[in-house]
Each structure stands twice: as C-alpha cells, then as structure tokens.
Amino acid sequence: MDLVTATSTQRPVPPRVPTPPARAAGVALAVGLGLVAWVAGRKPLHAVGRTWAAELRVDAPVLHLGVPLLVDRGVHPCTVRVSRAMSTGAGWWDVGGLAVRVPGAGPSGGPADLLLATTGTGRVSRYLLRPVRRATGRPLTTLLPTRSGEHSLALLARPIGDEAVAREFELAVSLDGGPWRAVGLLQLLVEQADAVTRFDPVVNELAGTSPPDWVVAVREPAYRWARRLGRRHA
C-alpha cells in the first residue's frame, strides 16, 4: 500500500524587511507632530495664518517641462496662505510658509497644492530651512525636490518689495539643481477669512510632476497625521 505524505498548506512567514530610513524618518516626524499637537492643543504646524485670494501669472513658459501650469502664458486664480511654522508672534524667529492652491492644476483637473518654506537659494542651501523674523521677508522654495519627466524640479517664490507681508512674489523654477529661471508672478489680491482647507501636496499633486519615492516615504506619514490632527483641532 502506498503511503501518502500530507503536505502543509501554511505559507512560510516572510522574512522581516528592515524599515527604509526614509520611511523611519517619516514615522518619526509624524510622532513629533503628534506630540506638538498634544502639548499645544492645536494643529501641529502653521496653525495661525492669513489667507488671500490671489493670481499666479505665467509670463515666460517652460515649454519642454511637461507641467501644464507652466507651459502656456496665462493668469490662474488661486488661494494663498501665509503662515509661520510654529505660529510664533510677529518679530520672533520662525520658518515662514507659503501655501498655494491652484484650481485645475492637478491631475484630471483637480486642484494642485504647493507648499514653500523660507530657505536659502543656493545649490545646497535651498534644501535647508531658514528661520526669519517675517514670514515672507526672504525667498521661499519647495524645499524637497519633485520630478518632471527626466528632471528634478524646484520652485521659488522671491518676495518683491519690503512690506511686512509681501504682496508680490517673483516665481522661478530650477531644473536639476541649476540656476533659477523666472517664469512669472504670484500676486496676493484680497485678504479673506483664514482658510479652513488643508493644503496637502501629497493628495493634491501638481500635474506633470511626481515626487521621488523617498520624499513620499518621508512626507506621507507626517501629512496623514497632520490631516487627522488638523480635523481634531479645527
């Protein structure tokens, strides 16, 4: 009589994969935001700000870039929020922030959100946050790079004039860490009640761009927690 050997249908346990450093950094950032929100009793970053109806004007298109917002001349109504990262009082050192929502500039005609922070403008310093006394007193960049086709893309908003809150910004782009090229103007027109909408470049990407995987790994956990904490403290 033949002997039939029973075979187990249980799948072997897959080996544990180490957490990538970028993902670990994102989780650590999310935990930090949670602690800040718990201590302060409000959304962890940019809790206080001023919101404006604005226009983004493209005067010098970048035709080969593949970003629809930047390939044609035109004026795009948008919403802009000016804030300070830790919501310190006027005159205190803090990181300035500029959030821009452009309707129709995202994939499939949805909105696109751009977040800029005060940094340097050099090849290295553009990736380093720069504390300032006035939120819009110094140039602001997108800080973390994104991709457009084969290029690495960064955006710059350079304040024009010396007002306490700048009302005009030169808009420029940099490809592959190269020099800044002016493409247009961002103008703040009419101040509104502070925005309730959460600006989120992870959810509302700019059409024609996609962040590198490591940027998503760093940002996604932090923005997910920021959305939850923002709803809780709204």
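From the N terminus on, the protein chain runs α-β-β-β-β-β-β-β-β-β-β-α. That makes two helices and 10 strands, where helices (H or I, at least four residues) and strands (E, at least two) are DSSP runs, numbered from the N terminus. This is a predicted model, in which local features need pLDDT of at least 70 and side-chain atom pairs count only at pLDDT 80 or more, while totals for chains, interfaces and linings use all residues. Residues are numbered from 1 along each chain as its sequence is written, and side-chain values use heavy atoms, with hydrogens and water left out.

Two totals for the chain. Of the 234 residues, 43% are buried; buried means under 20% relative accessible area, exposed over 50%, and partly exposed in between, with a 1.4 Å probe and protein chains only. Among the contacts with a separation of 6 or more, 58% are between residues 24 or more positions apart, contact meaning heavy atoms within 4.5 Å.

Next, the charged pairs. There are six salt bridges, a salt bridge being a side-chain nitrogen of Lys or Arg within 4 Å of a carboxyl oxygen of Asp or Glu. I will go through some of them.

One joins Arg81 and Asp194, with 2.9 Å from N to O. Arg81 belongs to strand β2 (residues 74-84) and Asp194 to the loop between β10 and α2 (213-233), so this pair ties together parts that are 113 residues apart in sequence. Arg81 is buried at 7% relative accessibility, whereas Asp194 is partly exposed at 31%.

Another is formed by Arg101 and Asp113, whose closest N and O atoms are 2.7 Å apart. This pair links distant parts of the chain, with Arg101 in strand β3 and Asp113 in strand β4 (residues 112-118), 12 residues apart. Both Arg101 and Asp113 are buried.

What about a buried charge that has no salt bridge? Asp94 is such a case, and the nearest side chain of opposite charge, Arg84, is 4.2 Å away. For charge, Lys and Arg count as positive and Asp and Glu as negative, with His and the chain ends not counted. Asp94 lies in strand β3, which covers residues 94-102. A polar atom of the Asp94 side chain lies 3.0 Å from the backbone nitrogen of Met86. Setting aside residues up to four places away in sequence, Asp94 touches Arg84, Ala85, Met86, Ser87, Thr88, Arg130, Pro131 and Val132.

Now the loops. Thr209 is in the loop between β10 and α2 and is buried, with a relative accessible area of 13%. Its side chain reaches the backbone oxygen of Leu206 at 2.6 Å. Not counting residues up to four places away in sequence, Thr209 touches Val67, Thr146, Arg147 and Leu153.

The loop between β9 (168-175) and β10 (181-192) holds Gly177. Gly177 is buried, at 13% relative accessible area. Beyond its neighbours within four places in sequence, Gly177 is in contact with Arg123 and Arg126. The C-alpha atoms of Gly177 and Arg126 are separated by 9.2 Å, and the two residues are 51 residues apart along the chain.

Asp176 is in the loop between β9 and β10 as well. Although not a glycine, Asp176 has a positive phi of about 55 degrees. Asp176 is partly exposed, with a relative accessible area of 42%.

Which other residue has a positive phi although it is not a glycine? Leu143 does, at about 65 degrees. Leu143 lies in the loop between β6 (140-141) and β7 (146-148), and is partly exposed at 22% relative accessible area.

Last, aromatic pairs: the structure holds zero. Rings of Phe, Tyr and Trp (its six-membered ring) would pair with centres within 6.5 Å, and planes under 30 degrees apart would count as stacked, over 60 as edge-to-face and the rest as tilted.

Key: Polar contact = N/O pair within 3.5 Å; in protein donor to acceptor, adjacent residues only side chain to side chain.
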